[in-house]
Amino acid sequence: MVAAAAAGFRAIAPDLPGYGLSEPPVDLAQASWEGLMEDLLAVLDCLSISKIFLVAKDFGVKPAFDLARCHPERVCGVVSLGVPPLVESLGFSGLPEGFYIYRWREPGRAEADFGRFNVRRIMRTIYILFSKDEIPVAKQGQEIMDLADEETPMPHWFTEQDLSAYTTLYEKSGFITALRIPYRTKAAELEYANPRFEMPMFAIMGEKDYILKFPALKDYMSSEKLKEIAPDHRITYIAEGSHFVQEQFPDLVSELMIEFICKHA
């Protein structure tokens, strides 16, 4: 946001419901991907903003991509961090039972796993596991939180101050919304959605991001399908970059983002 403001742009970073400082949905059972897109539209309408660039990370790309396809007249371009342009889920075929998404989709399992530890330990473990270049997979008789312990070093770029900041936020919000969306909420078929992206798309990926080892993603990124759905797209890979590439290399990611926005503004 600082980099965007310094370049002369207005930057808005909404906390999704149940994340950060935002209150969780009143009825969690009604939380939906479509609702997240509608929330983004509501922010734009409330601030009387007609058109924007979207910058999204991880599962946040889903509502951003949905907005770009359903309301292309409101979107100048999209910068996605860690995920290439997608119009549908690629699935997780070929991954074992202990795959973290399989485990966290199961009602009650992550709650029991997380419930053994305080929030600080949970956030510490998540940053350790998801900054590696291997997909987090638990063995039989093991849970995801068992894949790291207090002796496992944190990534060198992730500080105790960072950990404290995230711990404070999740002590307030808890993890229930984070488990509901994205892991336990099925996306409905979008009405009026374009089959492809009409605007420029830019993906910034870490070369050591574990998601690049998802079998379906590997096949997709080397296929013609990506070119079909995002004819004006570009992907930049950052050497040594992890799934948290924007925290690992904030200045470089900001520079790439601003360069893209200035080019298409």
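This report describes selected helices, helix packing and backbone features of the structure above.

## Basis of the model

The structure is a predicted model, in which local features need pLDDT of at least 70 and side-chain atom pairs count only at pLDDT 80 or more, while totals for chains, interfaces and linings use all residues. Residues are numbered from 1 along each chain as its sequence is written, and side-chain values use heavy atoms, with hydrogens and water left out.

Helix H7 covers residues 160–173, and its 14 residues reach 20 Å from the first C-alpha to the last, close to the 20 Å expected at 1.5 Å a residue. Helices here are DSSP runs (H or I, at least four residues), as strands are (E, at least two), numbered from the N terminus; the expected span is 1.5 Å times one less than the number of residues.

The buried residues of H7 are Leu-163, Thr-167, Tyr-170 and Ser-173, where buried means under 20% relative accessible area, exposed over 50% and partly exposed in between, with a 1.4 Å probe and protein chains only. These residues cover an arc of only 135° around the axis, which puts them on the same side of H7; the arc is that of the directions from the helix axis to the C-beta atoms. On the other side of H7, Gln-161 and Thr-168 are exposed. After H7 comes Gly-174, with a positive phi near 75°.

## Packing of H6 on H7

Helix H6 (119–130) is included in what covers the buried residues of H7. H6 and H7 pack at an angle of about 120°, with their axes 9 Å apart, the axes being lines fitted to C-alpha atoms, for helices over the stretch in contact, and the angles running from 0 to 180 degrees between N-to-C directions. H6 and H7 are therefore oblique to each other, given that angles under 35 degrees count as roughly parallel, over 145 as roughly antiparallel, 65 to 115 as roughly perpendicular and the rest as oblique.

The contact (heavy atoms within 4.5 Å) involves Val-119, Arg-120, Met-123, Arg-124 and Tyr-127 of H6, and residues of H7 including Glu-160, Leu-163, Thr-167 and Tyr-170. In the loop between H6 and H7 lies Met-154, which counts as buried at 17% relative accessibility. Leaving aside residues up to four places away in sequence, Met-154 touches Arg-124, Ile-128, Thr-159, Glu-160 and Leu-163.

H2 and helix H3 (residues 61–70) pack at an angle of about 70°, with their axes 9 Å apart, and that makes H2 roughly perpendicular to H3. From H2, Trp-33, Leu-36, Met-37, Leu-40, Leu-41 and Leu-44 meet Lys-62, Pro-63, Ala-64, Asp-66, Leu-67 and Cys-70 in H3.

Helix H8 (residues 176–183) has Thr-177, Ala-178, Leu-179, Ile-181 and Tyr-183 as its buried residues, and these pack against helix H2 (33–46), helix H4 (100–105) and helix H5 (109–114). Pro-182 is also found in H8, and a cis peptide bond with omega of about 20° joins Ile-181 to Pro-182.

## Positive phi outside glycine

Ser-48, although not a glycine, has a positive phi of about 55°; Ser-48 sits in the loop between H2 and strand E1 (52–57) and counts as exposed at 68% relative accessibility. Asp-58, likewise not a glycine, has a positive phi of about 55°; Asp-58 lies in the loop between E1 and H3 and is partly exposed, with a relative accessible area of 28%.
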